[in-house]
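Please walk through this structure with me, from its surface patches to its paired side chains and its backbone.

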Amino acid sequence: MTAPDSGPPPHDGEQPPDPHPDAGHPDRVTFRATREGVSWEAPDTPANRRAILLSLSIVGTVAAITVLAMNAAGIITALPIGIKSNDSVSTPQVPPPMPSPAATPTPGPSPSPSPPLSPAPSAEASPGVRAPRTVTFQIDVVSSGYELIDLDAPNDKPLSTLVDDEDWNATSESDQKSYEIVVHSHPAPTVVLGNLAAVLPAGAEITEASCREAARAGTLKSFRYYTAAERPANDAKGIRAGATLCLTSSKGAVIAARITDIPYDIGLVRLEVTVWPPSAAPSTAPSSAPAVAPSVAAG
């Protein structure tokens with residue numbers, strides 16, 4: 001029995017062709033090298049499609065990274081879309097703005113230099129104008145004796161003085177009337193006015209003229225203020241917070257004493273007092289003599 005012919009023997013250094021292990025694989029890719037180039041052929045299977053997409057993705061990623069690296073290194077620069085690499089890309093040069101010509105002033109008369117400022121002469125007070133003085137104080141209960149309040153006293157003298165009964169009784173009637181307010185506590189805390197006073201209600205316009213005119217018709221001489229039992233009598237006289245007592249002093253000053261508070265049962269009266277000094281006596285000096293400013297009478 002004759003063995004089958006196995007073909008010509010292999011040349012030296014050659015191995016007999018063995019069948020490729022993937023020759024029958026359904027996803028096998030076949031490459032062919034020709035003079036025109038290298039071509040490949042692969043069956044259209046899901047596995048091959050995934051492999052092709054993965055390969056393209058890897059190639060695209062590598063190309064993008066390469067371009068970015070070369071751009072960062074300054075080897076290439078990014079080109080606008082639609083312009084070829086051999087086309088020159090020029091940036092329009094904007095000329096710098098030209099400075100506007102300075103406005104030429106219209107010739108005209110030059111302003112005359114302003115005269116140097118000199119201090120204005122100080123205005124002297126008119127002899128008929130007298131500055132009023134306003135003070136605030138409160139009247140408390142006097143435990144004994146008398147409290148004498150001189151509202152038109154000079155600024156260097158105290159407004160209030162305390163004396164005992166003996167000293168008060170030894171004082172002349174004219175001296176007693178020189179005090180605008182006298183406070184004593186017997187038989188009850190009482191405010192006694194040196195001259196008759198008028199009571200103007202709260203909100204009334206208070207001026208020197210209006211207060212002087214009201215004081216001429218004054219009828220109030222005294223009032224009590226210690227307990228709430230005194231309220232009805234005081235209300236009937238108009239003595240309440242906000243009211244103003246208008247009177248004149250023995251020296252001719254006009255006094256407006258506004259009651260800011262009169263809390264009963266604690267023996268207290270708070271006042272805001274405005275004093276207009278009396279008018280100075282007219283001067284009898286001859287007209288040729290220099291004028292002398294009138295002096296304010298001391299209290």
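Asp164, Asp165, Glu166 and Asp167 gather on the surface as a patch of negative charge. This is a predicted model, in which local features need pLDDT of at least 70 and side-chain atom pairs count only at pLDDT 80 or more, while totals for chains, interfaces and linings use all residues. Residues are numbered from 1 along each chain as its sequence is written, and side-chain values use heavy atoms, with hydrogens and water left out.

A patch is made of residues with over 30% relative accessible area and no salt bridge; like charges are joined within 9 Å, and nonpolar side chains (Val, Leu, Ile, Met, Phe, Trp, Tyr) within 5 Å. Asp and Glu count as negative, Lys and Arg as positive; His and the chain ends are not counted. Each charge is placed at NZ of Lys, CZ of Arg, CG of Asp or CD of Glu. Asp164 sits in the loop between strand 5 (160-163) and helix 2. Helices (H or I, at least four residues) and strands (E, at least two) are DSSP runs, numbered from the N terminus. Asp164 has 39% relative accessibility and so counts as partly exposed. The classes are buried (under 20% relative accessible area), exposed (over 50%) and partly exposed (in between), with a 1.4 Å probe and protein chains only.

Another patch is nonpolar. Ile52, Leu53 and Leu56 make up about 300 Å² of it. Areas come from the Shrake-Rupley method with a 1.4 Å probe; for residues, only the protein chains shown count as cover. Leu53 belongs to helix 1 (residues 46-72). Leu53 is exposed, at 58% relative accessible area.

Now the rings. How many aromatic pairs does a search of the whole structure find? It finds one. The ring centres of Tyr146 and Trp168 are 4.8 Å apart and their planes lie at 20 degrees, so this pair is stacked. Rings of Phe, Tyr and Trp (its six-membered ring) pair if their centres lie within 6.5 Å; planes under 30 degrees apart are stacked, over 60 edge-to-face, and the rest tilted. Tyr146 lies in strand 4 (residues 146-149) and Trp168 in helix 2 (residues 165-170), so the pair ties together parts 22 residues apart in sequence. Tyr146 and Trp168 are both buried.

Next come the charged pairs. Side chains of opposite charge can pair when their charged atoms come close. The structure holds seven salt bridges, each a side-chain nitrogen of Lys or Arg within 4 Å of a carboxyl oxygen of Asp or Glu. One of them joins Arg212 to Glu208 (3.4 Å, N to O). These residues are four apart in helix 4 (residues 208-216), so about one helical turn separates Arg212 from Glu208. Arg212 is partly exposed, at 24% relative accessibility.

Helix 4 also holds Arg216 and Glu213, three residues apart and about one helical turn from each other. Their side chains meet in a salt bridge (3.3 Å, N to O). Both Arg216 and Glu213 are exposed. In another salt bridge, Asp235 pairs with Arg240, with the closest N and O atoms 3.8 Å apart. Asp235 is partly exposed at 29% relative accessible area, and Arg240 is partly exposed at 39%.

Last, the backbone. Most residues other than glycine have a negative phi, and most peptide bonds are trans. A cis peptide bond, with omega about 5 degrees, joins His186 and Pro187. Pro187 lies in the loop between strand 6 (181-184) and strand 7 (190-200). Asp265 has a positive phi, near 70 degrees. Asp265 lies in the loop between strand 10 (254-261) and strand 11 (268-276), and is exposed, with a relative accessible area of 52%.
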